[in-house]
Structure formats: C-alpha cells, structure tokens
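Try each task before reading its solution.

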Amino acid sequence: MLKKVKWSQLYLWLVFIFLYAPIFYLMFYSFNAGENMSKFEGFSWIHFQELFQDTRLLIILLETFILAFLSALLATIIGTFGAILIRRFKNRKTRLGFLSLNNILLVSPDVIIGASFLILFTVLGAWIRGFSLGFITVLLSHIAFSIPIVVLMVLPKLQEMNESLVMAAYDLGANDRQVLLNVILPYLTPGIIAGYFMAFTYSLDDFAVTFFVTGNGFTTLAVEIYSRARRGVSLEINALSTLVFVFSLFLVIGYYFITSDEKKFKKSKKSQAQVESEVPVVK
Amino acid sequence: MKKEVLITFNHVIKKYDDQPVLKDISFEIEKGKFYTLLGPSGCGKTTILKMIAGFMEPTSGDILFEGKKINNIPANQRQVNTVFQDYALFPHLNVFDNIAFGLKLKKMPKKQIEQKVTEALQMVRLSGYEKREITEMSGGQRQRVAIARALVNEPKLLLLDEPLSALDQKLRTEMQYLLRSLQKKLGITFIFVTHDQEEALAMSDEIFVLNNGNIVQSGSPVDIYDEPINHYVANFIGESNIVDAVMIKDELVEFTGKQFTCVDGGMKPNEAVEVVIRPEDLVLTTPDKGKLVVTVQSMLFRGVHYEIRCLDDLGNEWLVHSTKRAIPGSKIGLSFDPEDIHVMRFNESEEDFDARLESYSE
C-alpha cells in the first residue's frame, strides 16, 4: 500500500517537472546579467529594466488586454443568448444540430479559422471603403472563436435549470424580459462568469488566428513575441514571460481565495442558521 | 351561498401530435371550493391544470374564467397561481425574495410587500424564516414557501400540481391539514392534482376522477366512495370487493348463486351488472349466520384492523377489514346489510348514473 502511494507521487512529480521545466528555465534566464541563454553570468534586473523602457511592447501588452476584455465581453453576451436560444428548440434534432455546429468550430484548427477569416476580410475590404486588417478584424475573429466556448460553458447550467422555474416566473406575473432578467440570467451567472474567463484567456493567448487577420498597425503580444523570437531571442522576452507567469500565478491564487472564501462564508451562514433553528420557533 | 362559477371547460380537447390527451371534457369549477383531479399518471390531470394556468392551449373547445374566454390569455395575465410539483423556488433568491417575487413585479410599495410576506409566512407557519436561503430548507419547508409564494398574490384560484408527492407520510398528513385549513380560511378556490386517492378523499369538497383523458365520475368524496360509477372508480378509490351479478328486479340482486335484497334499482330485469361491497362493511360471523360462507386464506395485522382474505366456493376473493381475528383455513360466515351492496351497470354514462340515482333515492 505504502509503496503504491510513493509510486503515484513519484509519477506526478515527474510529470509536473517535465511540464514546468521549460518555463522555469526561461524564467531563470530572465535574471541573467548576460545577453543570451548560453551561459548564466550572474543575477541582474537589467532585462526587466529594458522591458519597462520598451514602450512599444508595453502598448502591445495593454492593447492585448483591451482586446481580450472586449472580445470576451461581446462573445459572452452573444454566446449566452445563443445558448438560451439553442435550449429553446423543442425538436431534439435541430437542437443537437446547432450544438454540433457550435462544437465543430471549437475543434477545428485555428489555422483554418484564421485563413477563412483572412479570406472573408479581404473580400469585405474590397467591397467596403476604408475596411482593412487591424484591431477591428482581430476583435471580430476573437469574438467569433470565443462564442462557441461561452456557449459550451453556459449550456450545462441551462440544462440543469428546471423548466418549471421559468413557468413559475410567468405564473407569478413576469413578462418575457422579467423572466430573462430576474430568473434565467441570475441562474446562469456562474456559467456566464466561467465562460467569460475562458473566452478572456483564449483571446489572450491566441496566436494562429490573430497572425492571419492582423494588419500592419496592430499586433498582439503573442504575435509580437513570435516575431521577436524569430529574430533571435532577446532576454527581454524572458522577463516579460516571467511577469506574465507571475500574473497568472496571482490569478490562480486569487481565484482559490475567492472560492474558498465563498465556501467559508456559506459555512458560517449555515452554522448561524443551525443556531437559529435550535431556538424554538414561535407559531 | 349561491353558486358562482369560476372556471368552465366547454368541450375541451387536447391533442399532442394527433394523440388525444383530453377527450372532450366539460366541467365547472365553483368559487370557494376545494377540488381534486384524481387519476393515474397519464390520465390528463396535469394537462387540465396547465391549461387553466395558461401554459397550454386547448386544441379545440373553450376555457372560461368568470364567463370570459381565456384560451389565448398568457399565464402572466391570469389571476391564477400554481404550486409546482418540484416547488420551482428560485435558488438564487432567499425566502423573502422568493415570496415577494410576484409583488415586486406588481410594483407594490416596499412597506406593503414586507407586511404581506410576513403574513404569508405566518400563514404557512414559517415566521422568522425570511432571510433563509432555499438550499438551507427541508423539503417540507420548501413546500410551504412555495405555497406562501403563490398565495401572497391573492389569486382567485390556486392550482396545486401533486405538491405533496415528495414528502414522507407524516409531513404529508400535516400538509393536508394545513392546506385544507388555509383554503377554508382564505376562501380561495383550490384545484389539487393527485394520484393518491386517500389524499383526495381527505381534503376535497369535490373530486373529479379521471381516466384516459375523460372525467369518469365527479362528486363529493362520500358520493364517490359509496357510489362509484363503475369498476374502474370502485377499484381506484379505496379497496373493494367486486363480483359479477345479475339484477333480478329492482332491489333484488343475485351473486355467488344467491339472491340478496339491496337498495339499487332502475335497471332492466335480469341485467348483468357488477356489485361492490367495501371490506369494512363485511362483518365476520359464524357460517350458519353468514350470508356468504367463505374459507379464510390469510390474515394481516394492519394496526387499525386485520386484513383478512377469503375465498368463497365459486373462487371469488373477499377482502374483509375487521377488528376481530379469523384463523386461516377455517370456514366463516360474512354478513352485510342491504345498503352495503352497491350495484354498478356496465358502460353507464355519468348523466344516466346520476339520473338513475335521483329516480329511486326518494
């Protein structure tokens, strides 16, 4: 028994070392005093200083976040209503049909999606004056590939929701808008938030689609890092990667604290409720 | 009190994909009474409820509310509220907000909402539970919140869709008393849907027994129990002994090869009929005194009474409820009074049945 536990631990450690080693290797050299990763010449912050003086990279970083924020927001709105509408189909076949169309987009390679958007946008560019590749086209394509993700995150919550909840709301006098705002959306909130963050991260780290549809004036962090890496890796990129990694680490820790806080909060409420219920209820 | 009709069903038919669920149903619901729609699952009782609530439209026929046709009026504009089978409480709202949901939609002032919710909680004996989350409540408490949420809107009609089916026996009985007293106190019409005949008998002013999309019989619990229209109703409501018989003439019926006086009449001479005798109407006696002589097959102790199964010489089974014991294998006599025999004709419509009862029950 004991031996078994040890083997499983060893296995997990090996897997995680294998997964994390490249990242840590990269982060380690961001503190290198030298100019490349061939040799560690001593600790220094010099690459971080370079990074913070590189306004071009900082602007790209900011724009990437704005893009992720906007595309996730719009995709969440569209995707949530999409999920609600898919659920409304009474016919099982139509419902599954729409769901499959949604899922195909999710599994189809980014390269194909990117290429198809490029074709679409160039055609549109030929028709519409002033329409060219740039922020808008990247935004549109990010919204497009995020919608299926949101649909997929919201649907389970919708399926879990009992139809009688909606009937009860109508029964109590709510109109369509009130049913949506007061019952359906609050019920779906956890799924919607999960969908938003999924869409956000997908947008943040997308490379392939962005690479196709971005023009001269606009670029995202992923594309920028790629083009810089091709010119020979500057350790500034390592410094940026370190910062992004620390940022995600804080996100994960923050998420952990938020969820455990919620649990604690609920627990304390529950114990309070138990105390209350021990007091005899006056009839 | 004069009769005030609240709901009228006029030859209502409902079909799903050409499959009839309700086959030409007509009835009236009067104000201030407790009605029960009773029948097995799939008999159409929930369909009727959904049509009254406004979640379904009839395929043909009319539904009237206080004399006005309401076929196409949506659920949110009807003065009807529903208590759902799974309670359908909003999980993201606490008890107070659940109950206040309908009032807030009506834009009622805050003070008044608070007062009404407090009153509603008092009615269902949940005072002080305003701040509770729904997930912190037991099944019985959720049930009561659901009732309060419906009643706080002061509907003219409350629909209850098998609301007690998920509760255990003891809670159920408690809720039956609560519902009955609430209905009496508020004077609101209740329509209660159930497949549980005991529940129906205990609570209702009027029962509609349904089968296969038809109303088979309607009447007070006592009428339906004592004078079931046919084999189906007799079997569904309570326990009964049903045997084939021949109506020799009015007030004389023959079964198990013997003739007995009874109190029924109005059939053709020598008409083939069925006879019902309730188990509690059969009295154990000695074989020489009994109208029927039977052999005891088994005896079960049921608490209130013994449940004794017997066979007569012709192979008919007789179920007896008695406080006296009988030894399995022994021969005993069963006696009963003429009033205990209830004669049922085959395929008699409810109108004919009622008319026949009228004609000889002077």
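**Exercise 1.** Which residue in β4(B) is the bridge partner of B:Phe9?

*Solution.* The partner is B:Ile63. Now place the pair. Strand β1 (residues 5–16) of chain B and strand β4 (residues 60–65) of chain B run antiparallel, joined by five bridges. Strands here are DSSP runs (E, at least two residues), as helices are (H or I, at least four), numbered from the N terminus. Two strands pair if DSSP finds at least two bridges between them.

A note on the source: this is a predicted model, in which local features need pLDDT of at least 70 and side-chain atom pairs count only at pLDDT 80 or more, while totals for chains, interfaces and linings use all residues. Residues are numbered from 1 along each chain as its sequence is written, and chains are lettered from A and ligands numbered from 1 in the order in which they are written.

**Exercise 2.** Find which strands stand at the edges of the chain B sheet.

*Solution.* Start with the order: the open sheet of four strands reads β2-β1-β4-β5 (chain B), with antiparallel pairing. β2 (19–30) and β5 (68–69) of chain B each have a single partner strand, so one side of each lacks a neighbour in the sheet.

**Exercise 3.** Decide whether B:Asp17 and B:Tyr87 are buried or exposed.

*Solution.* Count C-beta atoms, placed from the backbone: 20 or more others within 10 Å means buried, 12 or fewer exposed, in between partly exposed. B:Asp17 has 4 such neighbours inside 10 Å, so B:Asp17 is exposed. B:Asp17 is in the loop between β1 and β2 of chain B. B:Tyr87 has 23 other C-beta atoms within 10 Å and is therefore buried. B:Tyr87 lies in the loop between β6 (80–83) and α2 (95–105) of chain B. Check phi next. Most residues other than glycine have a negative phi. Yet B:Asp17 has a positive phi of about 45°, and B:Tyr87 one of about 70°.

**Exercise 4.** Check the length of helix α5 (residues 110–127) of chain A, then find its buried side.

*Solution.* The expected span is 1.5 Å times one less than the number of residues. For the 18 residues of α5(A) that gives 26 Å, and the end C-alpha atoms are 26 Å apart, which agrees. Next, the burial: A:Gly114, A:Phe117 and A:Phe121 are buried. The face turned away carries exposed residues, including A:Val111, A:Ile119 and A:Trp127.
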